[in-house]
Amino acid sequence: MIVVMKVGTSEAEIEKVTQELSGWGLSPEKIVGKHKVVIGLVGETAALDPLRIQELSPAIEHVLSVEKPFKRVSLEYRQGEPTDIKVPTPNGTVTIGRNRPIVVVAGPCSVENEEMIIETALRVKSAGASFLRGGAYKPRTSPYAFQGHGESALELLAAARDASGLGIITEVMDSPDIAKIAEVADVLQVGARNMQNFSLLKKIGAQNKPVLLKRGMSATIEEWLMAAEYILAAGNPNVILCERGIRGFDRQYARNTLDLSVLPVLRSLTHLPVMIDPSHGTGRSEYVPAMAMASIAAGTDSLMIEVHPNPAKALSDGPQSLTPDHFDRLMEELSVIGKAVGRWEHPAMAIA
Ligand code: PEP
Ligand code: MN
């Protein structure tokens, strides 16, 4: 349930309403928007009578009940105002949000060694990326496949951050690793396979680095938003939703079905920003440019692209990785669409 206060309501009046609602055993949350203050009420609100709340103060404009199972992530919760996620990086603060320049995240699937990660970082930075991605802990289908270098790869990511000034995005697979990953990473990634690992979501919601939440490969949009709700409910409002392809019936030519319909759908449901990952979405480097361009045209806020200095030798996801030269060309192509939709800043992309 959402209590919308009239424009210009005094702090004292808002406090009075909040106190009253707390007295009813609720946990009101004050959300300050551009124009209005709203008070969010989540939990056992089904039995509450909106009229009774309305009577608490003449400063209450109206009381709205959110019928959807997701509350904090819903568009209504922020009165339709999109969330901007501001991430401090050595190169400046990068803002990921709906009306912001498109933010590009690029880098290898896995951090393999110092030379490759630094080379990739410098190349993707000069092409206009704002973040370097790279897995230290890798969720692999086979226990015999390369599992990532773990802690030592975190040191290499730190070196790449120092060398390039790029922000770092890397995956957390297990809650005990959160603290040490957060020392290096500017954004923590929850992978598709962990999207419904609720204990991980609660722990990651209880720390304050922004979170990139990938869509589970068989997750409905509602399940995905409910996973994001876990993170917000635990106290972290900074979640980016990343579509990375879902399982369709046909995997013969493309690894997954990249669901670009999430762009307009999520716009109508949530205030959270969206990222599209055409690399995992297609599984093939030659399909990545078309889907990246389509994502921008369809309104994505950010993109994740896998780039490797030598894809043929990559320890994971080589077939879907672009070379740095290919990435340079892609960024040129993307800039055409990005400019057409008024969301491209170059070279200092999205630096506030
Ligand atoms: C990745 O980003 O390398 C990854 C493993 O992604 P996903 O969780 O989407 O498969
Ligand atoms: Mn990968």
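In this predicted model, an open sheet is built from 4 strands that follow one another in the order β2-β3-β1-β4, with antiparallel pairing. The edges are taken by β2, which covers residues 29–32, and by β4, which covers 60–64, and each of these edge strands pairs on one side only. Averaged over the sheet, and with direction ignored, neighbouring strands are turned by 20 degrees against each other.

Within that arrangement, strand β1, made of residues 2–5, is joined to β4 by 4 bridges, and the two strands run antiparallel. One position through which this pairing can be followed is valine 4, which stands opposite histidine 62 in β4. Helix α1, spanning residues 11–23, lies across β1, β2, β3 and β4, and the helix runs at about 10 degrees to β3, the strand of residues 37–40.

Cysteine 109 and aspartate 317 link distant parts of the chain, as they are 208 residues apart: cysteine 109 sits in the loop between β7 (103–107) and α3 (114–127), whereas aspartate 317 sits in the loop between β14 (302–306) and α11 (324–340). Are these two residues buried or exposed? Both cysteine 109 and aspartate 317 are buried.

Methods. Residues numbered from 1 in each chain as written. Chains lettered and ligands numbered in written order. Predicted model: local features only at pLDDT ≥ 70, side-chain atom pairs only at ≥ 80, totals over all residues. Heavy atoms only, no water. Pairing = 2+ DSSP bridges. Axes fitted to C-alpha atoms, helices over the stretch in contact; angles between N-to-C directions. Contact = heavy atoms within 4.5 Å. Buried < 20%, exposed > 50% of the residue type's maximum accessible area, 1.4 Å probe, protein only.
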